[in-house]
Amino acid sequence: MCWARVVSIEVVCCAAVALSGCTPSEPSRKDLLGSPASTAGPVASPASTFALPAPVPDAEKPKMEEPANESKEFPVQKTDAEWQALLTPEQFKITRLKGTERAFTGAYWNTKTPGTYQCVCCGRDLFISDAKFESGCGWPSFFQAVEGAITTQPDDSLGYRRTEIMCSNCGAHLGHVFQDGPAPTGLRFCVNSASVKLIESAEKQQPGTEE
């Protein structure tokens with residue numbers, strides 16, 4: 001009976017880890033704010049991994065001054081049926097139901113194409129490619145967002161504090177922000193590929209432009 005209980009406990013612990021989704025690279029670190037539970041666990045990392053950029057010292061880390069959107073009222077409002085008509089099932093699950101795609105499976109986790117990442121729901125500019133970096137976590141990562149594009153709210157759904165990031169225009173769930181990013185901000189906006197669309201830069205779109 002004792003052996004059976006040990007196995008049961010290990011199974012429960014493993015299940016909890018699998019549900020954690022986009023979590024800080026060091027569990028002991030606290031993120032700046034908070035966010036909702038992931039609906040899918042991570043998959044194994046690919047053979048090649050990336051080294052994390054040097055973290056910003058705690059004394060130099062910025063304060064997130066933008067408050068959470070307490071009213072939950074956003075300029076763009078649609079019913080679930082209207083969102084479902086505009087989005088794919090995966091996009092709807094992640095942006096409107098606060099899901100999480102599996103690590104290393106999204107369209108943009110390793111993309112280096114210059115351009116602007118917009119909200120897949122409303123088209124709001126959220127991130128620029130110059131702020132994208134290789135975090136090794138398996139999701140697109142940015143150290144900075146377009147000014148005014150992101151709103152946040154705390155999330156304690158996994159038993160510890162995380163910070164959910166949402167589009168400030170329509171409230172779409174994007175992912176989470178953590179305080180373990182590189183200089184100059186010290187932040188890591190961990191974003192689901194399904195919640196954004198990449199609009200390539202004008203230079204990239206010009207005919208005859210070579211890679």
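Tyr-117 has its bridge partner in strand E2, namely Phe-127. The strands here are DSSP runs of E with at least two residues, numbered from the N terminus, and helices are runs of H or I with at least four. Strand E1 (residues 115-119) and E2 line up in the antiparallel sense, with three bridges between them; two strands are taken to pair if DSSP finds at least two bridges between them. This is a predicted model, in which local features need pLDDT of at least 70 and side-chain atom pairs count only at pLDDT 80 or more, while totals for chains, interfaces and linings use all residues. Numbering starts from 1 along each chain as its sequence is written, and side-chain values use heavy atoms, with hydrogens and water left out.

The E1/E2 pair belongs to an open, antiparallel sheet of three strands in the order E2-E1-E9. At the edges sit E2 (125-128) and E9 (196-200), each pairing on one side only. On average, neighbouring strands of this sheet are turned by 30° against each other, direction ignored; the axes behind that angle are lines fitted to C-alpha atoms, for helices over the stretch in contact, with angles running from 0 to 180 degrees between N-to-C directions.

Then there is the hairpin made by E5 and E6, with six residues between the two strands. In its turn, Gly-159 has a positive phi of about 95°. E5 (residues 150-155) runs antiparallel to E6 (residues 162-167), and six bridges join them; Gln-153, for one, is partnered with Glu-164 in E6. E5 is mostly covered, with five of its six residues buried (buried is under 20% relative accessible area, exposed over 50%, partly exposed in between, with a 1.4 Å probe and protein chains only).

What about the cysteines? With a disulfide defined as a pair of cysteine sulfur atoms within 2.5 Å, the count comes to zero. Cys-121 is in no disulfide, and the nearest cysteine sulfur, that of Cys-119, is 4.5 Å away. The sulfur of Cys-170 also has Cys-119 as its closest cysteine partner, but at 3.6 Å that is too far for a bond. Cys-121 counts as buried at 12% relative accessibility, and so does Cys-170, at 2%.

Zooming out, the protein chain has four helices and nine strands, in the pattern α-α-α-β-β-β-β-β-β-β-β-β-α along the sequence. Of its 211 residues, 43% count as buried. Among contacts (heavy atoms within 4.5 Å) between residues at least 6 apart in sequence, 67% join residues at least 24 apart.
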